[in-house]
Amino acid sequence: MHNSVVLLITGFGVLVSSAPAYSQDIFQPQEKYKHYTFLGAGAAIGESVFSSGGSEFSVKPYIFHQSDYGFIDGSLANLALTPWFGLSGNIRLSEVSDDFTDIPSGIDNRDSSGELGLTLGTVGARLTYLHDVTDKHNGYELQLHLGRAFDTSLNKLTIAPYVELNYRDDKLSQHIYSVFANEASASGLSAFEADDTWVYKGGFTALYDISRHILGVSKLELEYHDSNSPLVQNDLGWKFSVGAAYRF
C-alpha cells in the first residue's frame, strides 16, 4: 500500500485513540440529528477547477439521511453493519465533462463511475474506501471526512462545517487528470500522464427551520486539487447554493 495511504489511515487512528474526548464528541451525533433526513434542491453558482469558462449557474441537489441503519451524504450511501462500520456505495459523476462544466475544447468527456467500498466511523467523522466496480478506471479513492452540526444563537439556525482529505490512486487520477496525445493535439494543452493525487475540500451547510418539515438550506463548497495537470484550470474550485428541502 502506498506510504501516503498508510499515513492517512494512521492519522485517522491517532484521532480516535489519542484524543478520546474530542473523537467521541465528533463521532457521536447530537440527539436531534440521530434520525434526520431531508431532500431538496437549490440554485447554485460556482466554478470547477476544470472550468475554462468562468463561473456557471446550476441546480444543486440536497440529500442527507442518518439513522441506525446508516447514512446518505450527497452521492455517498453507507449501510451500517455496526455503529462504527458499514458497506458504502458512491456515484462519481464526471468532473471533466462538458455536460457539467465548460472544459477546454478538444478534451474528451470522462465517464462517470459507480464505486463500492467500506466506511469506518460515522457520518460526522469517517474514513471511506471506494473502488470502481463499473470498469471505468478500476482505481480507488480514500476519503477522510470530518464535520459536525452546531446550534447557533438563532434557535432555528444550524451550521455544519466540514473538511475532507481525499487520496486518489494512479488509475483514478489518470482517468481524471491525464491529457492524452490526441487531446493535446486537439486542445493545444500539453500532454500529461497523471500520478496519484490529493484533493482538499472544505465548506459548510446552513440549515434554517422554516417550519416543521421545510428547511431553508445554504451550502458553500471549496476544493483544491494537488495536481500539475493542464486540465486544472483554476487553483480553487467553489460552489455556493441557496434553496429548500423537505425534512422527513
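Strands β4 and β5 (residues 85-92) pair in the antiparallel sense over 6 bridges. Pairing here requires at least two DSSP bridges between two strands. The strands themselves are DSSP runs of E of at least two residues, helices are runs of H or I of at least four, and both are numbered from the N terminus. In this pair, T82 has F85 as its bridge partner in β5. β4 and β5 form a hairpin with 2 residues between them. On its other pairing, β4 (residues 76-82) is joined to β3 (residues 70-73) by 4 bridges, and these strands run antiparallel. F71 is partnered with N78 of β4. β3 and β4 also form a hairpin, with 2 residues between them. In that turn, G74 has a positive phi of about 70 degrees.

The model is predicted, so local features were taken at pLDDT of at least 70 and side-chain atom pairs only at pLDDT 80 or more, while totals for chains, interfaces and linings use all residues. Residues are numbered from 1 along each chain as its sequence is written, and side-chain values use heavy atoms, leaving out hydrogens and water.

The protein chain contains 4 helices and 13 strands. Of its 248 residues, 45% are buried (under 20% relative accessible area; exposed means over 50%, partly exposed in between; 1.4 Å probe, protein chains only). The accessible surface comes to about 12600 Å², and carbon and sulfur atoms hold 60% of this area. Among contacts (heavy atoms within 4.5 Å) with a separation of 6 or more, 59% join residues 24 or more positions apart.

The largest nonpolar core has 15 residues. Such a core is a set of buried Ala, Val, Leu, Ile, Met, Phe, Trp, Tyr and Cys residues joined through side-chain atoms within 4.5 Å. Those with the most contacts inside it are F50, V96, I107, I176, Y177 and L231. Helix α3 (residues 170-177) gives the most to this core, with 3 residues. Beyond four places in sequence, L231 touches V49, F50, I107, R110, I176, Y177, S178, V179 and L189. Another core, of 14 residues, lies apart from it and includes Y62, V123, L207 and V217.

A nonpolar patch also occurs on the surface. It is formed by L39, I63, I72, Y208, I210, I214, Y246 and F248, with about 730 Å² of accessible area together. Patch members have over 30% relative accessible area and no salt bridge; nonpolar side chains (Val, Leu, Ile, Met, Phe, Trp, Tyr) are joined within 5 Å, like charges within 9 Å. L39 lies in strand β1 and is partly exposed, at 46% relative accessible area.

The structure holds 8 salt bridges, each defined as a side-chain nitrogen of Lys or Arg within 4 Å of a carboxyl oxygen of Asp or Glu. One of them joins D73 to R126, with the closest N and O atoms 3.3 Å apart. D73 lies in β3 and R126 in β7 (residues 125-132), so the pair ties together parts 53 residues apart in sequence. D73 is partly exposed, at 22%, whereas R126 is buried, at 3%. E95 and R168 meet in another salt bridge (3.0 Å, N to O). Because E95 lies in the loop between β5 and β6 and R168 in β10 (residues 157-168), this pair ties together parts 73 residues apart in sequence. R168 is buried, with a relative accessible area of 2%. R92, E95, E115, E141 and R168 are linked in a network of salt bridges. R247 and D209 also form a salt bridge (2.9 Å, N to O). R247 lies in β13 (residues 237-247) and D209 in β11 (residues 197-209), so this link spans parts 38 residues apart in sequence. R247 and D209 are both buried.

S51 lies in the loop between β1 (36-47) and β2 (56-67). This serine is buried, at 2% relative accessible area. Not counting residues up to four places away, S51 touches E56, T101, D102, Q233 and N234. A186, in helix α4 (residues 181-187), is exposed, at 52%. Its contacts beyond four places in sequence are S105 and G106.

Definitions and conventions
Accessible areas come from the Shrake-Rupley method with a 1.4 Å probe; for residues, only the protein chains shown count as cover.
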